[in-house]
Amino acid sequence: MAATLQMNTTKWSLNSNQSDVLIKARHSIIAYISGSLNKFKGSIDIHDNEVEDACVEFVLDIKNQESRLKNIDSPVYLNEYLDSNTFPNITFRSTSFQKISANINFLKGNLTVNNITKTVELDAQLVNITTQNGIRTAVFEVTGEIKRNDFNLNANAYHHTNGISLGQDISLIATLEFVI
């Protein structure tokens, strides 16, 4: 008779106050969107310090003046490469999680930018698990490149960005903190 393996998997909840997103385009155009006033929710399952499953959803209000949105070292504003006047939200909802190895994971989901929804595949990695003051936290990072043309964003907005040429892609880096 075969012995049954017992897996000790723990479900962790997303801490939206400690989660954030970085949006970056070519030529040092960087926008930091903090999590305190945006909507993050989700969970991850961790077994033996490895992610077994993940479910992530976020809504970023890029027009909200209270969101501590910051452009770093750039004369170009976020609004000039993401149409925040017409479509102020960026949303992502995961549809699947694929674990390849301990360090290679993919999070697939629906990303909506500029009111256009596309299925994207993002890299996902468990960065660290710590315990402080009796609270266990896990930091999970999701990264990916988004093609500007897929979302009808002007890929070379030279005349709209004070003469700075923008790249074809936008980098999306989400740092998500989960607690148990």
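Visitor: What volume does the largest cavity have?
Guide: The model is a predicted one. A search of the whole structure finds two cavities of 30 Å³ or more. The volume of the largest cavity is about 90 Å³.

Visitor: Which residues are the closest to the centre of the largest cavity?
Guide: Ten residues line the largest cavity. Strand S8 (105-113) and strand S11 (169-179) are the elements that give two or more residues to this lining. The closest to the centre are Ile90, Val113, Ile146, Ile170 and Leu172.

Visitor: Which residues touch the most other members of the largest nonpolar core?
Guide: In soluble globular proteins, nonpolar side chains tend to be buried together. The largest nonpolar core here has 35 residues. Those touching the most other members are Val21, Phe58, Leu107, Leu111, Phe140, Leu176 and Phe178.

Visitor: Is Gln18 buried, partly exposed or exposed?
Guide: Gln18 sits in the loop between strand S1 (10-14) and strand S2 (20-25). Buried means under 20% relative accessible area and exposed means over 50%. Because its relative accessible area is 48%, Gln18 is partly exposed.

Visitor: Which residues does Gln18 touch, not counting those up to four places away in sequence?
Guide: Gln18 and Val139 are 121 residues apart in sequence, with their C-alpha atoms 9.6 Å apart in space. Leaving out residues up to four places away in sequence, Gln18 touches Thr175 and Glu177.

Key. Residues numbered from 1 in each chain as written. Predicted model: local features only at pLDDT ≥ 70, side-chain atom pairs only at ≥ 80, totals over all residues. Heavy atoms only, no water. 1 Å grid on protein atoms, 1.4 Å probe; cavity = no way out; pocket = protein on both sides within 12 Å on 5 of 7 lines; lining within 4 Å. Points joined across faces, edges and corners; volume = space filled by probe spheres on them. Helix = DSSP H or I, 4+ residues; strand = E, 2+ residues; numbered from the N terminus. Core = buried A, V, L, I, M, F, W, Y, C linked by side-chain atoms within 4.5 Å. Buried < 20%, exposed > 50% of the residue type's maximum accessible area, 1.4 Å probe, protein only. Contact = heavy atoms within 4.5 Å.
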